[in-house]
2 protein chains.
Amino acid sequence: MRFLTLPGNRMKHSAFSALGRRSAAPPISWLMELTLSRPQLISLAAGFTDNTSLPVRDVRELARDILGSRKTGQPALQYGTTAGDPTLRQLTATTFALLDGALVSHKAYAPDRVLVTHGSQQLLYMVTEALCDPGDVVIVEDPTYFVYLGILQSHGIRARGVRMERDGLSLEHLERVLTELQRTGEIKRVKLLYLVSYFQNPTGVTTSFAKKAAALKLLKRFERAAGHPIFLLEDAAYRELRFGGGDVRSALAVRGHSDRVIYAGTYSKPFATGVRVGFGILPEQLFSTVLHIKGNHDFGTANFLQRLLTRALQTGRYEKHLAQLQKRYAHKARLMHAAIAKHFPKEVECWEATGGLYFWARLPRRTRTGPKSKLFQRALESDVLYVPGSLCYADDPVRARPDHEMRISFGGAPDEAIQEGVARLGKVIHEAIRKT
Amino acid sequence: MRFLTLPGNRMKHSAFSALGRRSAAPPISWLMELTLSRPQLISLAAGFTDNTSLPVRDVRELARDILGSRKTGQPALQYGTTAGDPTLRQLTATTFALLDGALVSHKAYAPDRVLVTHGSQQLLYMVTEALCDPGDVVIVEDPTYFVYLGILQSHGIRARGVRMERDGLSLEHLERVLTELQRTGEIKRVKLLYLVSYFQNPTGVTTSFAKKAAALKLLKRFERAAGHPIFLLEDAAYRELRFGGGDVRSALAVRGHSDRVIYAGTYSKPFATGVRVGFGILPEQLFSTVLHIKGNHDFGTANFLQRLLTRALQTGRYEKHLAQLQKRYAHKARLMHAAIAKHFPKEVECWEATGGLYFWARLPRRTRTGPKSKLFQRALESDVLYVPGSLCYADDPVRARPDHEMRISFGGAPDEAIQEGVARLGKVIHEAIRKT
């Protein structure tokens, strides 16, 4: 068999860059599309937020107020600066200083270190671009946020995983990984430790303040061998979505280490995901570089969205909405917890959720949950979707990729769907465990 | 003299990536900040749009309608898909097929080739990421959009300039550049020709359809030598801002070549720059790769903004606003034209503006206009700001960077400021020419 091609089309290669060739379909798109294309499907997969609690009325009234006069309306519809709305930057700095119990004047929380972004995801992307070359190493939690793994993969950056414990990453394992990287000389390629530190996606784990402090100290110890600073990228996307216990201070509050902390936050998940405004609080030495990258990406986040958020914060609507949202998620988490307790076999381990959007279920090791597993296919046939745990693990050369877990979300699904979805899933899991 | 450093701070290197190190301050941020920090300054520099014509009332009413019911309000405040709102993609495909006089069913305008972005700038960034490695070559107009030069620079991509004529790039020069690149073997590194094809930023030139067709044919001829496709990235950011003459068809309409055309469009400049929604129409072979990159950047443009634009298009508000905007800019362009005729010395050459936001003034060659020139400093002292022409030229090894031109915009400045600004500038130019 021989293919004939026209002379004009005889191309030896595609025109793609290395990044283009490496940019694979992110699992999140595929799962989101599955959900949207099958309306009868109960999706416990997507990290969508709760539909019924979206602040429709708040945003309507905020928009009405902002656009009620030309004086406030015009600037909201005009370009702003690349770094973001000055009032929003100021409010953000103050809010997080107070939340961390720090002085508002603390340099780690200076307004000119705040960069407003199109969702916190954009900050993760830009920080990674700013720091990492192909072949560099980022240390991640094992498991971690799968979209961040996609960012690393597309840039040819290697990930090394650190085991998770109930209160955050294992310090002992982190030290072991760093020591091993030092032994092989690869420590010179280590740029970042990436932590999803509040109600982690996917495990729900919150990293204790003591662990953040210890991790920063550990990184510092290895900086001499690395020959450059090693930063902690703290992804706090779920921080505000807590409904049990108090807040934990961010890594910015670790004394003497704030120049190594990049804090990625968002106003979208706690308010309205369709109004995408995230932000970063960056060390001085990184700020201008990431700002320049933002200038190249889009020279500034949509001003109208920034003004909506600013006004929501100023009027107290944001805070009020958040309190309601926390109650709503607490309720949904309780529902899911009860359904899991009722329907999942006793062999399945689950940690209690105190915030965020997820439960992480560990099945017996031999029961596969991956996209090609019987269990996943059977779940689809039963019209229920989960995120296979294997998607949340980096390609790490030193361990096999676990394939017996699942992330299920109570964020997007309505109450009945949570109960029905977990019931269906329980049935499928029972069946799968019986067969293995 | 010897600096003492603490042992813990003895870093051999910064942690920046090659991209991080290359990401320089874009001139646009610096100019925007100068403008914002000096309220008395008349800025003819920024590409801001006209304040008084921003559709404050339209957006208020659109927001009210969308958020008037939970049925339409909730989806607008929720996440969407990475590719964008299906209705907006459909509307965009249809609109641009019709504008190009093509059949709506033409594959070049298929809705599933439309990718919604956070401004068209984001599309330029992602396409460049998808196609270009460090050391690759992009052919640009000489001069061209300076923010795009920043994207190239930060990625270590080399730019080669092609001279501009009244109706677009010089085909003869393009052929010469390609032939030379073939001779040196560098043609293998050529990935893109970047054209700002409508009312070009900065010259105001519109590329004729015949030239787009000829350029595409020329690129095709060199593909065999390149060993891969060479794409035309058509930046149509100003297409809708025309006020003289008819529309020119896009390169997508060039028969048999649409698989080599990437069309970058925007809804922001023609409507409201604070509502940032751009889009790309991409060849099938590129679409999924750029979509995956978008997934990593932000997994989708803010849904609320997309719904606002969709409804603006559906209700006819967009079109009506655009007609008013075109009139407004025609008026401002006439004002600036008259002021230039009155105040600029006869040695200055200017092309008439038939759309867009800019006039491009060519001073005598010896009269420098760069950021460090006497003229620029004198202009600042007179409280008037322009974009130095030199910023719009790529670092091209085969020619010296011209430094005797300026871009002035009638977009953002009010009527009186246009007249007063041009008068001040005229005085400074007179003085500078006299002294050289």
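This is a predicted model: local features need pLDDT of at least 70, side-chain atom pairs count only at pLDDT 80 or more; totals for chains, interfaces and linings use all residues.
**Entry 1: where the chains meet.** How many residues of chain A are in contact with chain B? I got 80 residues of chain A, in contact with 79 residues of chain B. Sorting chain A's side of that contact by class gave me 36 nonpolar, 30 polar and 14 charged residues. I also checked which surface each copy uses. Of the interface residues of chain A, 99% are interface residues in chain B too, so the copies meet through the same surface.

**Entry 2: inside chain A.** Next I looked up the domains. Chain A splits into domain 1, made of 18–54 + 323–435, and domain 2, which covers 56–318. Taken over C-alpha atoms, the centres of these two domains of chain A are 25 Å apart.

**Entry 3: where the domains of chain A meet.** I found 34 residues of domain 1 in contact with 34 residues of domain 2 in chain A. Which elements give two or more residues to domain 1's side? My list for chain A reads helix 1 (18–22), helix 2 (27–37), helix 13 (317–343) and strand 11 (358–362). Helix 13 of chain A gives the most to that side, with five residues. By class, I noted 22 nonpolar, eight polar and four charged residues on the side of domain 1 of chain A that touches domain 2.

Conventions. Residues are numbered from 1 along each chain as its sequence is written. Chains are lettered from A and ligands numbered from 1 in the order in which they are written. Two residues are in contact if their C-beta atoms, placed from the backbone, lie within 7 Å. Ala, Val, Leu, Ile, Met, Phe, Trp, Tyr, Cys and Pro count as nonpolar, Asp, Glu, Lys and Arg as charged, and the others, Gly among them, as polar. Domain bounds come from an automatic or database domain assignment. Helices (H or I, at least four residues) and strands (E, at least two) are DSSP runs, numbered from the N terminus.
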